[in-house]
Amino acid sequence: MFIQTETTPNEDSLKFIPGVPVMGESGTAEFVDTRSAFVSSLAMNLMGVEGVVTVFYGPDFVTVSKDSESSWAVIKPEIYSLLMEFFSSGKPLFTSPEERERAGPQDTRILDTDSETVAMIKELLETRVRPAIMEDGGDIEYRGFDENGSGMVKVKLKGSCRGCDSSTVTLKSGIERMLMHYIPEVKGVEQVLDPEEEIALNEFAKLEKKLEKDQPKHSR
């Protein structure tokens, strides 16, 4: 078995392509901590590698993201070895068929209760946006549309796109422009963060301010 790697726009995320289906037709799955990884032995093992922070399954790839302090040169061989061992074993990806079913994205499934606008947003995200983002080892999740107010579409970026510097550019220049072009009711796109991500970003902003304040003023 030969596993290829591809870089992504996020230097802390690498896309591993085992040459066999991963999620196949059933979408994607993301694991951001060991608790969420319990449903898949591969995700558990990968999360156990020091420096790995998230694991993302795509149709035919696995994206692994690390913290910025860790080096790919150190952790890549261990990830290779775990992927080789798992995909050669023929073991199921999830502990049960129910867990696999639950893992695939349900966000763009069109419901009877959806308005025509929401159905069009979901359709575009599923057919035009998701395939392009998957090329870069990530995914997008639809989180809602403010129909009677701001006209904002709420989405969440996953996989290599999570925390990536170019993700804001992707949101604004790519996704927002396309949705506004096809659907006049859409006035913009904003990214939704999970509570733990908001806390982490707030802490980082506080630290940056503190470092700026502590820097000695250079006298001319």
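**Close-up views of a predicted model**

**View 1. K15 sits in strand β2.** Strands (E, at least two residues) and helices (H or I, at least four) are DSSP runs, numbered from the N terminus. This is a predicted model, in which local features need pLDDT of at least 70, side-chain atom pairs count only at pLDDT 80 or more, and totals for chains, interfaces and linings use all residues. Residues are numbered from 1 along each chain as its sequence is written, and side-chain values use heavy atoms, leaving out hydrogens and water.

**View 2. The surroundings of K15.** Is K15 buried or exposed? K15 is buried, because its relative accessible area is 6%; buried means under 20%, exposed over 50%, and partly exposed in between (1.4 Å probe, protein chains only). Contact means heavy atoms within 4.5 Å. Neighbours within four places in sequence aside, K15 touches Q4, T5, E6, T8, F61, V62, T63, M134, E135, D136 and G137.

**View 3. V20 in a loop.** The loop joins β2 (13–17) and β3 (29–31). V20 counts as partly exposed because its relative accessibility is 30%.

View 4. Of its 220 residues, 43% count as buried. Among contacts with a separation of 6 or more, 59% link residues 24 or more positions apart. The accessible surface is about 12,800 Å², and 53% of that belongs to carbon and sulfur atoms. Areas come from the Shrake-Rupley method with a 1.4 Å probe; for residues, only the protein chains shown count as cover.
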